[in-house]
Structures are given as structure tokens and as C-alpha cells.
Amino acid sequence: CMRIIVDADPGIDDALALYYLRAQPDTEIVAIGTVHGNVPVEVATANALRLTERLNIEAPVAVGAAKPLAQPLMTAENVHGEDGLGGCAGDDPTTSCTSESAAEQLANRARQEPGELSLLAIGPLTNVALALQIEPRLPQLLDKVVVMGGALNVPGNITSYAEANFWHDPEAADLVLGAGFEDLTIVGLDVTMASHAPGEWLEALPHESYARQFLRFYADFYESFLGKAGFVPHDPLAAAIMLQPHLATYVEDRFAIELTGRYTRGAIVADRRFLAEGSPFGRDIGTERTKAKYAVTADKDAFLDQL
Ligand code: BDR
Ligand code: CA
């Protein structure tokens, strides 16, 4: 059984990722942490609570970071709606959060069950970076880590080079990619944009279903700029690849996040050097970074069937 801590900014595709995980056999969501990103953290937290109630997920929800480590808060209501669920969030949740912060929850749970828990991070990485400050052994304490973020060989979705989750907190993302996680997989736009769910997928959902309602707003956004019906299931694909790594192929490399580029802040960069390390002409990504797997192709049909 895979036991997962989810760190998320729900967010429409985050919500769909929770649906996906909830439906999988041998999979347990043990805790949820919320973070700023698609919407302010209070809005994301209310949605996480609503979803745990609606989907009968018996996991504590902890409130996470309200802002990035080193830049102002920026949100994406144009993609996810003011309420983060396309105007369909509905009634206030009836349950409440734990007293720990999301970073404390992550650090504490990892300490309590060393090697037993995996992390799926589908929002900006602020909480994970803060948890590393609380517990520097986090990379040794967690089993598998899957992060949704990055645009390595394709354009970004915020700037030409930066994908939203990394752009929302570049410093945090860079800390996490350099922290030494042994089993780290990055699921970026290279595979998510190529896994577009067509209009027929949406139409196959029951008319009155909550998911169909909240996906409408998100699909309208994607339709307006892609010019075709449907939507891009970023976070659900990361969840699927976490449970079934064979759904994707990968490049293995060392990765960092560009923090100072005038046009490229928030971009993921790969080591890619083919000479022995230590070029005299510029700065390489340090070999002290452990390698991660970056997904470059995914089995879209198998994934969309499951979803
Ligand atoms: C990522 O950014 C957010 O809009 C989505 O929830 C996803 O995690 C895609 O770039
Ligand atoms: Ca997300």
C-alpha cells in the first residue's frame, strides 16, 4: 500500500487529483497540507476540507504557507475561479484543520514513520522547503517524492520558461530539488500538456456531478487559449505517475531552478553537461545535487482511461 502525504493548492486539477487518488486501490492519503498558489491559502484550505468531506478522505488537513519564501503572493483565479473551484465550491466545510502547520505536519509525520510515507507535491513547494528547515533529514525520512512542476523542453505556462508551481516560489523549488531526495520524480508540462483531456472525456461525466461542475470553468479557460474543447489534467497525471511509474519515461539528471534570470526566473534547468564537470566558462549545476527523474513522455491513453 502506498501511503501518501499530499501537498496541494486546490485548485481544480488538484481537486481532480484527490478524486483520482481516493479511487485507487492500495493507496492511502494520510495527510493533506495546503499552500498558496492557485488561490490564497485560506481558500485552498477550505477546498481541501470540502474535498475530504465529500470524498470521505480520513486525513487531517493542515494549513500551509500563505506566501512564497522570497517574493510577493501571486495567484491564478483566472484559471481556477475566485473560490478555487470554478465558482462551484459551495457550502463552507463543516470540519476544521489540525493545529500544526503543513510544514510541521510533513516533518512530524515523516519522523514518526521513517521510510514509510511518500510525498505528492502538486502546488508551489513552500511547505516542503519549510519542512526541510524543521527537519533536515526529511530526504532520508520520506520514501518517494513526486513533484508537479517545470517546463524543461516545452514553453512555460506563466512565462516562456517558467511553469506555475515553480514560478510561484522559485527559491522553495530550488531548495527542494537540491535537498538530496533519493527518489524524486518531476512531472512537468512536457507530459501534462501532451495529456490533454478532450471534450468527450468531460461529457462522459454524469451531468450533476461535482467534478463536472468545477471542471467547466477550468475547461473554459483551456479552451479559450488552446482552441479545442477539454482541459489539461496536470496534477492528476502527477498522481498517476506516482502510483504507476511505468506510465512515463524519464531523463535522469541534476536539476536546479533559475533564480536570477531576467526572462527566465522560475525556469527548471538540467545539468546536461557532456564534458567532465567543472567547465571554466560558466557555472555547472553542482554534483552535490542528487539526480532526479524528469518525465518526458507519458502514456496519455492509459492515463485518461483510468482518470
Ligand atoms: C500547476 O499549476 C496549477 O495551476 C495547477 O494546479 C498545477 O499544479 C500547473 O502548472
Ligand atoms: Ca496544483
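Modeller: Residues are numbered from 1 along each chain as its sequence is written, with chains lettered from A and ligands numbered from 1 in the order written. In this predicted model, local features need pLDDT of at least 70, and side-chain atom pairs count only at pLDDT 80 or more, while totals for chains, interfaces and linings use all residues.

Colleague: Why is H1 called roughly antiparallel to H11?

Modeller: H1 and helix H11 (residues 210-226) pack at an angle of about 150°, their axes 9 Å apart. Angles over 145 degrees count as roughly antiparallel, under 35 as roughly parallel, 65 to 115 as roughly perpendicular and the rest as oblique. Therefore H1 is roughly antiparallel to H11.

Colleague: Which residues make that contact?

Modeller: H1 gives Ile12, Asp13, Ala15, Leu16 and Tyr19. H11 gives Ala211, Phe214, Leu215, Phe217 and Tyr218. Contact requires C-beta atoms, placed from the backbone, within 7 Å. They divide into 9 nonpolar, no polar and 1 charged.

Colleague: What makes a residue nonpolar, polar or charged?

Modeller: Ala, Val, Leu, Ile, Met, Phe, Trp, Tyr, Cys and Pro are nonpolar; Asp, Glu, Lys and Arg are charged; the others, Gly among them, are polar. By that rule, the shell around ligand 1 has 5 nonpolar, 6 polar and 4 charged residues.

Colleague: Which helices each supply at least two residues of that shell?

Modeller: Helix H1 (12-23), helix H7 (164-168) and helix H12 (234-243) do. Helices are DSSP runs of H or I, at least four residues, numbered from the N terminus.

Notes
Axes are lines fitted to C-alpha atoms, for helices over the stretch in contact, and angles run from 0 to 180 degrees between N-to-C directions. Two residues are in contact if their C-beta atoms, placed from the backbone, lie within 7 Å.
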